[in-house]
Amino acid sequence: MDTLAADFARMSGYTGDSPALLEAYAAIREHGIHQARQGHIARKAIIDALKHSEAMVLGAIHPALSLEEALEDTARFIVFWRNMPRWRQERRLPDLARARQQRLIARFFRRYSHQIWAREAA
């Protein structure tokens, strides 16, 4: 049995030694790692597509006029979304996904845009 999977099972609160349950925890762990990698690849593809031009970044964060304004808007919307009733949250899930994507873009380019576009200009 994989020691990492056994450690994961113990951290999850499982104290037994059933091989079937340990295999189930191993499968859960592997599935989680796979999903995390897929999410990373998807986020990286979005960023790589926007690296080519500052105009594309500004289009992605529209209607905000700057990265700081986009971060403020997304933070405000996420707090607003968390305070909604459950039924309304479910109806606004696409808006939440867009806000999270916009936050990802704004954070990345706020941090690294000067380096990226200076390299492109050189």
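Among contacts in the protein between residues at least 6 apart in sequence, 49% join residues at least 24 apart, where contact means heavy atoms within 4.5 Å. The model is predicted, so local features need pLDDT of at least 70 and side-chain atom pairs count only at pLDDT 80 or more, whereas totals for chains, interfaces and linings use all residues. Residues are numbered from 1 along each chain as its sequence is written, and side-chain values use heavy atoms, with hydrogens and water left out.

The secondary structure comes to six helices and zero strands, in the pattern α-α-α-α-α-α along the sequence. Here helices (H or I, at least four residues) and strands (E, at least two) are DSSP runs, numbered from the N terminus. The radius of gyration is 20 Å, well over the 14 Å that the globule rule gives for 122 residues, so the protein is more spread out than a compact globule. That radius is taken over C-alpha atoms, and the globule rule is 2.2 Å times the number of residues to the power 0.38. Along the principal axes, the C-alpha atoms fill a box of roughly 55 × 45 × 15 Å. Of the 122 residues, 25% count as buried; buried means under 20% relative accessible area, exposed over 50%, and partly exposed in between (1.4 Å probe, protein chains only).

On the α1 side, L4, A5, A6, F8, A9 and R10 meet L22, Y25, A26, I28 and R29 of α2. By class, this contact has nine nonpolar, no polar and two charged residues. In that scheme Ala, Val, Leu, Ile, Met, Phe, Trp, Tyr, Cys and Pro count as nonpolar, Asp, Glu, Lys and Arg as charged, and the others, Gly among them, as polar.

L4, in helix α1, counts as partly exposed at 46% relative accessibility. L4 and L93 are 89 residues apart in sequence and 34 Å apart in space, C-alpha to C-alpha.

The largest nonpolar core has 13 residues, and V57, L67, I105 and F109 have the most contacts inside it. A nonpolar core is a set of buried Ala, Val, Leu, Ile, Met, Phe, Trp, Tyr and Cys residues joined through side-chain atoms within 4.5 Å. Two or more residues of this core come from each of α2, α4 (67-82) and α6 (93-121), and α6 gives the most, with five. Leaving aside residues up to four places away in sequence, F109 touches I47, L50, K51, V57, L67, I116 and W117. A second, separate core of six residues includes F77, W81, L96 and A99.

Q102 also belongs to helix α6 and is buried, with a relative accessible area of 9%. With residues up to four places away in sequence not counted, Q102 touches A60, I61, H62, A70 and T74.

In the loop between α3 (54-60) and α4 lies S66, partly exposed at 27% relative accessibility. S66 and I116 are 50 residues apart in sequence and 17 Å apart in space, C-alpha to C-alpha.
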